[in-house]
Amino acid sequence: MRTAEREVEIDLGVQASAEHGTIDWRMTFPDGSVATAFSRLVQVDRDRCVFSFVLTPPPVPLEQLEGALEAQSRTLRRN
């Protein structure tokens, strides 16, 4: 996993279910701490669906997260 500050190798576990429309990620860091992310695909009708994605806060001190959302927002605006 790479951030603007550093890069760290993580163990990534993925559980996916086509039947339920889910993909869940479990990220285990070298110190044993864990972060998770969850996505869902929900059918609205025959031609439409809703995709949701939730990333729980990573297991790092809050001060390391400051500015991360703004940086991600800038990246998304460029793409």
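Strand β2 (residues 22–28) runs antiparallel to β3 and is joined to it by 7 bridges. Strands here are DSSP runs of E with at least two residues, numbered from the N terminus, and two strands pair if DSSP finds at least two bridges between them. The model is predicted: local features need pLDDT of at least 70, side-chain atom pairs count only at pLDDT 80 or more, and totals for chains, interfaces and linings use all residues. Residues are numbered from 1 along each chain as its sequence is written, and side-chain values use heavy atoms, without hydrogens and water.

Strand β3 (residues 34–45) is also joined to β4, by 8 antiparallel bridges. Arg40 of β3 is the bridge partner of Thr22, and Arg40 stands opposite Ser52 in β4.

| Hairpin | Residues between the strands |
|---|---|
| β2 and β3 | 5 residues |
| β3 and β4 | 2 residues |

In the turn between β2 and β3, Gly32 has a positive phi of about 95°.

Overall, 4 strands form an open antiparallel sheet in the order β1-β2-β3-β4. Its edge strands, β1 (11–17) and β4 (48–55), each pair on one side only.

Leu41, Phe51, Phe53 and Leu55 make a nonpolar surface patch of about 420 Å². Such a patch takes residues with over 30% relative accessible area and no salt bridge, with nonpolar side chains joined within 5 Å; areas come from the Shrake-Rupley method with a 1.4 Å probe. A salt bridge is a side-chain nitrogen of Lys or Arg within 4 Å of a carboxyl oxygen of Asp or Glu. Strand β4 gives the largest share of the patch, 3 residues. Phe53 lies in β4 and counts as partly exposed because its relative accessibility is 44%, between the limits for buried (under 20%) and exposed (over 50%).

Notes: Patches are made of residues with over 30% relative accessible area and no salt bridge: like charges are joined within 9 Å, nonpolar side chains (Val, Leu, Ile, Met, Phe, Trp, Tyr) within 5 Å. Buried means under 20% relative accessible area, exposed over 50%, partly exposed in between (1.4 Å probe, protein chains only).
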